[in-house]
Each structure stands twice: as C-alpha cells, then as structure tokens.
Amino acid sequence: MSRLRIAIVGAGSMGQAHLAVVQRSASCTVSALVDPSPAAAHVAQLAGVPLYPTLDQLIERDRPDGLILATPNTLHADQALWCIARGVPALIEKPLAATVPDALAIVEAVDRTGAKVLVGHHRAHSPIMAHARQLVADGRLGPIVAVMGSALFYKPDQYFVDGPWRTGPGAGRVLLNMIHEVHNLRMLCGDIAAVQALGSRHTRGFPVEDTVAITLRFASGALGTFMLSDTAASARSWEQTSKENPIYAHYDDEDCYVIAGTFGSLAIPTMRLKTWGKADDRSWRTHFDVGQGETTREDPLARQLAHFADVIRDDVTPLVSARDGLCNVRVTQAILDAVRAGTTITISPD
C-alpha cells in the first residue's frame, strides 16, 4: 500500500513535532510545508520538502491526501473550512477554533458535507488514558464523586518569543493548555455542566491569563477542581508525569489527576489504584486493596497519525470528532467567562 502524502500547515514548534512524526511513519510521508514566514524556508529545506506560502498555492500545484493544521488558534476556523470546502481530510490541532461560533461553523460544515476531520487532542490516543477510562467505565471506582487535577509547569520566556501570538487574544493558558485537560476530564468523567473560575495574569503580565483556579460540575453530579499555571515551578502536569514525550523532564512520584468514586480512587498517570471489595465495609478506618493499573507508554502523536491515516483511507470514525472539539471549546469559553464575570457559568448541552 502506498504511503499517504500529508502536508503540514505551520512551521512552528507543533508543526515541527508533527513533521518529525510523519517522517518516522511507515504509512505516511511529508509532501509539503505551508507557511508564509521566512523561518519556514529553513524548516522545509531540512525536511527536504517543498514550501508554499498559502494553502491555495499548495492545492494548485500538489494536492495532498491530508493536511495537518498546526497554526495559531485564530487561523484554525478559516483553514478548516478551506479544507472542508475542497474535500481535503484535516487533522486540526486543538483547539478546534478560538471561539465557540467558529467551532460551531466547522461542525456544521462537517455535518453538511461529511468531511473527514480529526481534532488534535492527542492524549485521547494515549494507552495510559485508555486504561484509565476502562477502569472508570468498568465501575472499579463506583459512581464518580470528585476529581482533582492540575497542570502546573513553567514555560521558558523563549516560548513566547518564538510565538508572540501566544501572549494575546485567542491564546492564553486556557485555550492553549486547559483545552487538553478538558478533553481528558470529559473522557474520564463525562460532560461538564458548569464552571467557576478565578484567573490571574500577575506573574507574566500578558493580556491573557497565566494562572487559573477552576471548579467544575459534571453532568453526572460529580464535582472537580483544577489548578492551571504556566508560571509554577512544579511537575504536576501530564507531560511531566506521563513519560510519553521525552523532551520533558519526568517524575515517577507525581500524578496530575486523582479520580474518586464511592468504592475507590485512581491516581493518573501512575495508575495507583485504591479500592474496597465489600460494599458493607466502606469506612475511612478500613484499609484499601492497593493495586496498580496498566502503564503502557507509546507516543500518542504517532498513534494519532496512524488513526488519521485510517480516517483518510478507511472512513474510520474520528476518535476526536469536530463535535468533541466544539464541546471542549465551549467549556474553555465558559471558564474564561467565569473568570471575567466572577459567577458560575452553565454550559448548554450540545
């Protein structure tokens, strides 16, 4: 079977990460890079692929089998709609769009045309996350009562120098980072019905938030808390605890999520499990049966690319659909609204 020709849009850090994954793939090859920036020429030269400044020029000269959109958030909607209008399958980096109306426009276009769109919430392809979801779905914890989560890490100043767009509207820690966590929490505990939040931009001083404290109410009735910051000298984040990406420092003794039900709790990603086996012997005085869930580790970006290839070739249903992406954007928008309004924001069901 011939390899699929994948063009990558955006030569920034995420675009280069996707480029490296496609280059290692047995089922896909990089056909071109699309980016108008002067720095993109060097990236394309190193990769040995043609560079086009616009999508229109790409499609005129070399139609690919699929596109990976790894561009600033505010560009996602227009580029996604461009792909849909031309029937080009697209993997759109999270968030699906920077605003709810833009995300909704993409969903409506997908529903109308049947376009092949996969949203790049790559942690959905993590074996660790799959095992955690299965434990919850199997009822090992009982009905979920509470969730505690964190994404506490420190981004170097160069991160913002390399991508100045990350300091302004359409970026911020909620859309850049919390969007990942929202999808994880929805996979584990179901839809989120309401949020409260306090935000701060005190440390970095950018127009957008750098630290946010969030309270969540799930549709199931479970409650959650989440602490988010990219100015915190901490290792309690997915990337630093999951060991799925070698570019980050890793810590075996840290978790970033704890999910508690009426029969037990699960710490993720160490997968430490504490459960009671008897319904009539549940008490804080009763010792838990201590177990260990599976911690298989594979590169979720590589698994996501393999899935995208299946979506293109075999009409496989996207694991993370455009509608999933819309739901996640709705939650992040609610968090930002809660920060501004200082009130509880209810999220309308899709």
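I started with Glu181: leaving out residues up to four places away in sequence, it touches Arg123, Ala151, Phe226 and Tyr257. I am working on a predicted model. I placed Glu181 in helix α8, residues 172–189. Is Glu181 buried or exposed? Its relative accessibility is 3%. The cut-off for buried is under 20%, so Glu181 counts as buried.

Next I looked up the largest nonpolar core. I found 97 residues in it. Which residues have the most contacts inside this core? They are Ile268 and Ile335. I then checked the domains. The core draws at least three residues from domain 1 (4–123 + 301–318) and at least three from domain 2 (124–297 + 330–346). As a general note, nonpolar side chains tend to be buried together in soluble globular proteins.

Last, I turned to the second largest pocket. I noted a volume of about 320 Å³. Its lining has 15 residues. Which of them lie nearest the centre? I noted Pro207, Val208, Glu209, Leu336 and Arg340. Two elements give two or more residues to this lining: β8 (192–200) and α11 (322–341). α11 gives the most, with four residues. By class, I logged eight nonpolar, four polar and three charged residues in the lining.

Conventions: Residues are numbered from 1 along each chain as its sequence is written. This is a predicted model: local features need pLDDT of at least 70, side-chain atom pairs count only at pLDDT 80 or more; totals for chains, interfaces and linings use all residues. Side-chain values use heavy atoms; hydrogens and water are left out. On a 1 Å grid over the protein atoms alone, a cavity is a set of points where a 1.4 Å probe fits but cannot get out, and a pocket is an open set with protein on both sides within 12 Å along at least five of seven lines; lining residues have an atom within 4 Å of a point. Grid points are joined across faces, edges and corners, and a volume is the space filled by probe spheres set on the points. Ala, Val, Leu, Ile, Met, Phe, Trp, Tyr, Cys and Pro count as nonpolar, Asp, Glu, Lys and Arg as charged, and the others, Gly among them, as polar. A nonpolar core is a set of buried Ala, Val, Leu, Ile, Met, Phe, Trp, Tyr and Cys residues joined through side-chain atoms within 4.5 Å. Buried means under 20% relative accessible area, exposed over 50%, partly exposed in between (1.4 Å probe, protein chains only). Domain bounds come from an automatic or database domain assignment. Contact means heavy atoms within 4.5 Å.
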